[in-house]
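Here is a short note for a colleague new to this entry. Please read the points with the model open beside you.

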Amino acid sequence: MRDVAAAAASSGPRVLPRNDPRQYDDLAGEWWRPDGAFAMLHWLAEARAALVPPATRPDALLVDLGCGAGLLAPHLAGKGYRHVGVDLTRSALVQAAEHGVCVVQGDATAVPLPDGCADVVSAGELLEHVPAWPRVVAEACRLLRPGGLLVLDTLNDTALARLVAVRIAERLPTVPRGIHDPRLFVDARALVAECARHGVDLRLRGIRPQAGGLVAWLLRRARAARTGATSAGRVPRIVPTRSTAVLYQGRGVRSG
Ligand SMILES: C[S@@+](CC[C@H](N)C(=O)[O-])C[C@H]1O[C@@H](n2cnc3c(N)ncnc32)[C@H](O)[C@@H]1O
């Protein structure tokens, strides 16, 4: 495995190591482009938000760890939460704030928010970017009030995930080249055990983009790149799949 993403030509002017957070600055203009480099994050955000029920009390708080540019925000509209986003990347947080997120610049392994403040904690596409991911789990569980809900999605630490999410997906416009370091992918059983240690009974399910929708989207994007036409149209839905071997969602409630 190469340490340095060799694809600077398509992902920005700099050649940065895999998973280097500065890649998010280089790609800052892509976050809110529906067919841009982060398109799949939009599809995943919609699927993650579907796991979040409407708030059951006034002033309910949802803490979005590694919130990026706040792609979860439109999918939470009307659910009644105050959406607080925590991220390392300032250029992303500026955009999150523009989309109504109350932003906090900080590290998800040491979140500057009080114990038990959150009705919901979300960690979407974050754990596989953090070498000390168990610290993020500990922080997520610390932030949850008893009965609060943890939702997350991440990539499994399997050979199949490395093949699909790195070798294949990075050759398609679905995943920016070099954004993942597959050495950081998150073993599903270890994640469930870590959550249990912190009082959250995490249930997993495999997810994937719906195949027909993904192929149609890729063809439409390729045509748009060739002809300069707009690539607007339907986007792939994220659907459940039997295997958690590549991409999976987790949902669990913190015990009282
Ligand atoms: C793949 S993006 C996902 C963004 C967002 N959750 C979404 O799904 O649209 C990963 C995000 O995690 C952030 N990040 C990486 N390591 C972090 C850390 N230790 N603490 C906080 N944020 C982190 C990056 O800055 C980036 O915005």
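In which helix is the place of Ile 168? Point 2 takes this up.

1. Ground rules. This is a predicted model, where local features need pLDDT of at least 70, side-chain atom pairs count only at pLDDT 80 or more, and totals for chains, interfaces and linings use all residues. Residues are numbered from 1 along each chain as its sequence is written, and side-chain values use heavy atoms, with hydrogens and water left out.

2. Ile 168 sits in helix α7, residues 159–168. Helices here are DSSP runs (H or I, at least four residues), numbered from the N terminus. Ile 168 counts as partly exposed because its relative accessibility is 42%. The cut-offs are under 20% relative accessible area for buried, over 50% for exposed, and partly exposed in between (1.4 Å probe, protein chains only).

3. The ligand shell. The ligand is surrounded by 19 residues, and Gly 66, Asp 87, Thr 89, Ala 108 and Gly 124 are the closest. Being near takes a heavy atom within 4 Å. The shell holds nine nonpolar, six polar and four charged residues; Gly counts as polar in this scheme.

4. A polar backbone atom of Gly 66 is 2.6 Å from a ligand nitrogen atom. Asp 87 brings a polar side-chain atom to 2.6 Å from a ligand oxygen atom. In the side chain of Asp 107, an N or O atom is 3.0 Å from a nitrogen atom of the ligand. Alone, the ligand exposes 600 Å², and the protein buries 95% of that. Areas come from the Shrake-Rupley method with a 1.4 Å probe.

5. Helix α3. Nine of the eleven residues of α3 (residues 39–49) are buried, so this helix is largely enclosed by the rest of the structure. Among them are Trp 43, His 42 and Arg 48.

6. Two further buried sites. Asp 20 lies in the loop between α1 (8–11) and α2 (22–26). Asp 20 is buried at 12% relative accessible area. Its side chain makes a polar contact of 2.7 Å with the side chain of Arg 22. Ala 138, in helix α6 (residues 133–143), counts as buried at 12% relative accessibility.

How values were computed:
Polar contact = N/O pair within 3.5 Å; in protein donor to acceptor, adjacent residues only side chain to side chain. Helix = DSSP H or I, 4+ residues; strand = E, 2+ residues; numbered from the N terminus.
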